[in-house]
Amino acid sequence: GGHRLVLDFLIEEVLGQQSEKIQDFLLRTSILNRLNGSLCDAVTGYEGSQQTLEYLEQANLFIVPLDEEHRWYRYHHLFADLLRQRLRWERPELVPELHGRASVWFENQGLLEEAIAHALAAGDPDRAADIVERHRIETFDADRWSSAGRWLEMLPDEIRRQRPALILCEGWIAYIQLQIDQFPAIIKRCGTAAGTRALDESLQAELDFFRGNLDYWMGDAEASRQKIEASLDKVGDRRCNIEGEM
């Protein structure tokens, strides 16, 4: 506790010596667990953030390089905590916007777990779910299904129950793990989530694929064949990938 008080005092003194632009930069980027120039440009709306990060490092402003090239940095944890507290106190309305910008940047870089985390921190679980839906197919096709599983676990249960695509994502994980006993519940949940709306052709094809597999395990090979072939015909270019998983 005593060390924290000393550090808080020191940080306050250090911040007081910085220009308003540097202080604003520190507050805006405090929402980030790691920083680089491009990311900070996107989040702050400033240009030249890489030079600012290098200045902060040279000035010993509680910033730590994470690689030998000094492209990625992080703030000292207590320093980041203090900055975040000040940001929430002085500019609470800015916090969701900053997290939203960070989410967009991370998604564009293919760093999807961080994109999802920032979308949730922005109070936008729908955007987080959209990210999972946009990238789930390519993730399964690349055999990175464990990543998709982690993304799903990050989402609120309510969102996962409402979206057929997310339920089907759970279905693919169950399929890969040979947890066929989960198929009836997944099929039922998809129908409940869709309600009175018809699923689009791609989602319907995935659902029929699970129904066909369930028929197979229930001993109805002909019904299974018909459903799976019809399903594969609907998915078009993805047919070869799905057949390779079978």
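Reader: Where is glutamate 107 found, and why is it called buried?
Author: Glutamate 107 is found in helix 6, residues 94-108. Helices here are DSSP runs of H or I with at least four residues, strands are E runs with at least two, and both are numbered from the N terminus. Its relative accessible area is 12%. Buried means under 20%, exposed over 50% and partly exposed in between, with a 1.4 Å probe and protein chains only. Glutamate 107 is therefore buried.

Reader: What kind of model is this, and how are residues numbered?
Author: This is a predicted model, where local features need pLDDT of at least 70, side-chain atom pairs count only at pLDDT 80 or more, and totals for chains, interfaces and linings use all residues. Residues are numbered from 1 along each chain as its sequence is written, and side-chain values use heavy atoms, with hydrogens and water left out.

Reader: Which residues is glutamate 107 in contact with?
Author: Contact means heavy atoms within 4.5 Å. Leaving aside neighbours within four places in sequence, glutamate 107 is in contact with Leu112, Ala115, Arg127, Ile131, Arg134 and His135.

Reader: What makes helix 9 oblique to helix 11?
Author: Helix 9 is residues 145-154, helix 11 is residues 164-176, and their axes come within 10 Å and cross at roughly 140 degrees. Axes are lines fitted to C-alpha atoms, for helices over the stretch in contact, and angles run from 0 to 180 degrees between N-to-C directions. Under 35 degrees counts as roughly parallel, over 145 as roughly antiparallel, 65 to 115 as roughly perpendicular, and the rest as oblique. So helix 9 is oblique to helix 11.

Reader: Which residues make that contact, and how do they divide by class?
Author: Helix 9 supplies Trp145, Ala148, Gly149 and Leu152. Helix 11 supplies Leu166, Cys169, Glu170, Ile173 and Ile176. By class, there are 7 nonpolar, 1 polar and 1 charged residues. Nonpolar covers Ala, Val, Leu, Ile, Met, Phe, Trp, Tyr, Cys and Pro; charged covers Asp, Glu, Lys and Arg; the others, Gly among them, are polar.

Reader: Why is helix 11 called largely enclosed?
Author: Because 12 of its 13 residues are buried. Among them are Leu168, Trp172 and Tyr175.

Reader: What makes helix 2 roughly perpendicular to helix 3?
Author: Helix 2 (residues 20-29) and helix 3 (residues 37-44) pack at about 95 degrees, with axes 10 Å apart. That angle makes helix 2 roughly perpendicular to helix 3. Phe25, Arg28 and Thr29 meet Cys40, Val43 and Thr44.

Reader: Is phenylalanine 62 buried or exposed?
Author: Phenylalanine 62 has a relative accessible area of 17%, so it is buried. It lies in the loop between helix 4 and strand 1.
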